[in-house]
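Then we'll walk through them together.

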Amino acid sequence: MAFYILRRILQAIPVFFGATLLIYFMVFAMPGDPIAALFGDRTPNPALIEQLRAQYHLDQPFIVQYFYYITGIFRLDFGVSFSGQPVIETLGRTFPITLRLAVMAVAIAFVLAIVIGLFSALGKGGIFDNVMLVIALIFVALPIFVLAFLAQYFLAVQLGWFRPTVGAQNDWGDLWLPAIVLGFSVYATSMRLTRSSTIDTLNQDWVRTAYSKGLPRERVIPVHVLRNSLIPMITDLGTVFGVLMVGATVTEGIFNVPGVGNTLYQAIIRGENPTVVSFVTVFVVVYVFINIVVDLIYGLLDPRIRYVSS
Amino acid sequence: MSRPDAQVPHYVAPIDTTSVPVDVVRIDAKRSNLWLDAWRDLRARPMFWVSAAFVLLVVVVSVWPGLFTNVAPNNDCQLANSNGGPASGHPLGFTRQGCDVYSRIVWGTRTSVIVGLLATIISTVVGIVMGAFAGFYGGWLDSLLSRIGDIFFTIPYIIAAIVVMSVIPVRNEVVLALAIGAFAWASTARIMRAEVLRVKQSDFVMGAEAIGLSRFRTMLSHVLPNAMAPVIVVATLSLAGAIVAESVLSFLGVGLGGSIMSWGNDISQAQTSIRTAPMALFWPSLALTLTVLAFITLGELLRDAVDPKARAQR
């Protein structure tokens, strides 16, 4: 197990450096002057340009610039946003709200996905299964912002069940509507995953053994089938997190949830590139980390994974 | 001195004169291969015909938009009509700028199709090349290409495209498709690599090498054609993904320039009047969702048709 953990972490190192180098390259080696872009149409003072160049180390060779950037990341220095606030402070303020939203969304998605996926698999080919598959297909196809607008218009504006935007009041109870929207952007894939892995598990020998030794269905399904069917859900958590990153940016923007995604959304629509880059860097760092954790959990749950040579 | 085994009485099996059942090749049987089987499976499914017809409609509208509307692109916008309801000749009403919603949807179809197709071609070609070389040659090349793939896989392609598009001053269909395609190839490469690894074990690959074909020729004419099925499925699905990506990026304001007619831009512009004129938001959203739904349905039916395991799970 220790060898597996070590190998997985060693594999992540080049990926981490590659990904940050790629983002950095995209932003600062592209045609166009990033400093001039900061000022839009205005012509800035040449002395100010020089000062900013020195501040962002743009007068140095590319690889030195990257070195400053990467050492900054290790000191948790992700730069300064447009309003002059360090990005890490903005993160500290907004992250708890996004975490709350993400936890609610994943909880909604997974509870629904596991229950519906299980019953779909048990009644494979039946009416319930087919209806649920069609609904899942529609949710796969619905772009997140269309889903958000539909929910906002029908559930909030028309029916008045929720407030259309969240704003400053963002306790658990206030986040229901964006959490439902974000949850349903994850739900469909998870439900289909549960369904297909349950169908796989139902055909396994140990399930037949469990039945043939006289165990009742009420014990076989939760203990022998469901538990084994959930392993693919865990390996899918990395992908879920990727979907949540994009989803949170759009959902928090539309429902005005003051979280990380909304800060990124505002930075994008205002064209504040350094802030966008800082936040994307944070996302990628967290994404690499989550994927390592997911792989380690997978290795814990399924011993076969640990012994496969790469 | 006689050999010791000469004294051992041998058992000699009697010659069996009854005819042995042999697997005969039935020459009158239907021809069968992966694609023929897939086609037989597909054509029996009504959903295939519905989604294929819708995809065909989308393609026709994008090639000949003039057949479906008389309003010229970006024309006929009068602020007097702002957020107006349906009128004669304008079945879906007007946007906030007073433009005809229906004609904008028709002209915007081309944008979605161009971006979707270009991005998919880029990501599929790059993915095939990277995956095929990694899987077929193996060794250090595999390690190198797979690590590069890991790096691109780590950055969700919409997030990467946000970064690229917020830096690049030019915002047209080609640039957007490049931004999406350049970051969406990693999953295609992984699937291609796995499939090439599988096909490489086949006897016909050994045969091709035995008759003296070069490694590269073997890969090109024997391995690749037999490893295409999963990639074609993924390409259909990533076409839907690219169309969604275009609209999400345009919605965020880092996609296509505001003057380009696209569903994403229309949805983005209509969101401010969601309370007063929800239909201007609804129609482009519906067009977008139905198109994505058609491509996804087609892709998934195709996947089920070429993959017996998926077929068994239905």
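This is a predicted model: local features need pLDDT of at least 70, side-chain atom pairs count only at pLDDT 80 or more; totals for chains, interfaces and linings use all residues.

## A walk through two chains

Residues are numbered from 1 along each chain as its sequence is written, while chains are lettered from A and ligands numbered from 1 in the order in which they are written.

A word on "helix": helices (H or I, at least four residues) and strands (E, at least two) are DSSP runs, numbered from the N terminus.

Back to helix 9 of chain B, which covers residues 228–252. "Buried" here means that 20 or more other C-beta atoms lie within 10 Å of a residue's own; 12 or fewer makes it exposed, anything in between is partly exposed, and the C-beta atoms are placed from the backbone. By that rule helix 9 of chain B is mostly covered, with 20 of its 25 residues buried.

How does the span of a helix compare with what its residue count predicts? The expected span is 1.5 Å times one less than the number of residues. Here are two helices side by side.

| Helix | Residues | Expected span | Span between end C-alpha atoms |
|---|---|---|---|
| helix 9 of chain B | 25 residues | 36 Å | 35 Å |

The buried residues of helix 14 of chain A include T275(A), F279(A), F283(A), Y287(A) and N291(A).

**The build of chain B**

Which kinds of element does chain B have? It has twelve helices and zero strands. Of its 314 residues, 45% count as buried. Call two residues "in contact" if their C-beta atoms, placed from the backbone, lie within 7 Å. In chain B, 70% of the contacts with a separation of 6 or more are between residues 24 or more positions apart.

Now for some packing. Two packed helices are described by the angle between their axes and the distance between the axes. The axes are lines fitted to C-alpha atoms, for helices over the stretch in contact, and angles run from 0 to 180 degrees between N-to-C directions. Helix 3 (residues 101–137) of chain B packs against helix 4 (residues 139–154) of chain B at about 145°, with the axes 7 Å apart. On the helix 3 side, M130(B), F133(B), A134(B) and Y137(B) make the contact, and the helix 4 side includes L141(B), D142(B) and L145(B). Sorted by type, the residues of this contact are six nonpolar, three polar and one charged. (Ala, Val, Leu, Ile, Met, Phe, Trp, Tyr, Cys and Pro count as nonpolar, Asp, Glu, Lys and Arg as charged, and the others, Gly among them, as polar.)

Helix 3 of chain B also packs with helix 6 (residues 173–200) of chain B, at about 35° and with axes 5 Å apart. The residues of that contact divide into 24 nonpolar, eight polar and four charged.

Let's stop at one residue. V205(B) sits in helix 7 (residues 203–210) of chain B. Is V205(B) buried or partly exposed? It is partly exposed, because 18 other C-beta atoms are within 10 Å. Leaving aside neighbours within four places in sequence, V205(B) touches V199(B), K200(B), T218(B), H222(B) and V223(B).

**Over to chain A**

How many residues of chain A are in contact with chain B? There are 40, and they meet 36 residues of chain B. Among the elements giving two or more residues to that side of chain A are helix 1 (2–28), helix 8 (176–202) and helix 14. The residues on this side are 33 nonpolar, seven polar and no charged.

F3(A) is found in helix 1 of chain A, and it counts as exposed, with 9 C-beta neighbours inside 10 Å. N256(A) lies in the loop between helix 12 and helix 13 of chain A. Its phi is near 55°, a positive value in a residue other than glycine.

**How confident is the predictor?**

pLDDT is the predictor's confidence in each residue, from 0 to 100. Chain A has a mean pLDDT of 80, with 87% of its residues at 70 or more. For chain B the mean is 81, and 82% of residues reach 70 or more. The model scores ipTM 0.80 and pTM 0.82.
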